[in-house]
Amino acid sequence: MIRICLIAAVVLGLAVAGVNLIVVRDKITVLVKDRDDWKEQQRVTKLSLDNTNKILVKTAKELTTTKQDLAKANDDLAKAQADNADLTKRNDGLAESLKKTQQERDAAQNDLAAWRALGIPIEKIKATLASLKTVTEERDSILQEKKIVFTEYTRVKSELDFLENPDHVPELPAGLKGKVLVADPKYDFVVLDIGKDKGVLKYGQMLVNRNGKLIAKLQIRSVEDDRSIANIMPGWKIGDVMEGDQVLY
């Protein structure tokens, strides 16, 4: 009986072991399949990732190139806009110059038509203009001589009037003014920076002014072309005359 039980136990154990072996084998088969599937999936995923990385690298390069091309295009656009603005400015200048030239041409044509309407030859016009220039120069010369003669006449008359009447004060040009170049407080005389060219006359009288205050009164004693000498009049010296003081008529 015991032997039978042992045999039965052994058989039962072998059966259980067989069953377990079958189950384990199936599980191992499943696990091996799952591992192989996972490896395949991992391989496929890695290939896909590598392809994606290559695409990303290519895309990054293309993006960099695109940015460079865009920057260059912007630079070219800015240069083109500047060139266009410069051309527009030059065109406006040329248009204005053309307009002015056309106006001058029209005026010249009108003047020419007017001269032709008078029936005067061009050669005669040139001669007339040359003669007019000569007459104008002669007139200006006469006027200059007249001015010199009148100035000398005024000077002589002023001195004669003073000799006839020592109290006579010659009239000087309105608004005449100058300044003191040299002042001698010991002998009370000054040198002024105005003379015949400004209409100064001998024995004329002028006031010395400093900062809006009266300093003294002068009488012209000697006149040169561009300067004159004057004495400080007695009783009119309020303060010492200094170089740079203004003199007024």
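Trainee: How much space lies in the largest cavity?

Mentor: About 30 Å³, where a volume is the space filled by probe spheres set on grid points joined across faces, edges and corners. This is a predicted model, where local features need pLDDT of at least 70 and side-chain atom pairs pLDDT 80 or more, while totals for chains, interfaces and linings use all residues. Residues are numbered from 1 along each chain as its sequence is written, and side-chain values use heavy atoms, without hydrogens and water.

Trainee: What makes a space a cavity?

Mentor: On a 1 Å grid over the protein atoms alone, a cavity is a set of points where a 1.4 Å probe fits but cannot get out. Lining residues have an atom within 4 Å of a point; here they include Ala-183, Phe-189 and Lys-237.

Trainee: Why is Gln-205 called buried?

Mentor: Buried means under 20% relative accessible area (1.4 Å probe, protein chains only), exposed over 50%, and partly exposed in between. Gln-205 has 15% relative accessibility, so it counts as buried.

Trainee: What makes the pair Gln-205 and Lys-217 a polar contact?

Mentor: A polar contact is a pair of N or O atoms within 3.5 Å; within protein, one must be able to donate a hydrogen and the other to accept it, and residues adjacent in sequence count only if both atoms are side-chain atoms. The side chains of Gln-205 and Lys-217 make one at 3.2 Å.

Trainee: Which residues does Val-190 touch, leaving out those up to four places away in sequence?

Mentor: Contact means heavy atoms within 4.5 Å. Among the residues Val-190 touches are Val-180, Leu-218 and Val-241. Val-190 also lines the largest cavity.

Methods. 1 Å grid on protein atoms, 1.4 Å probe; cavity = no way out; pocket = protein on both sides within 12 Å on 5 of 7 lines; lining within 4 Å.
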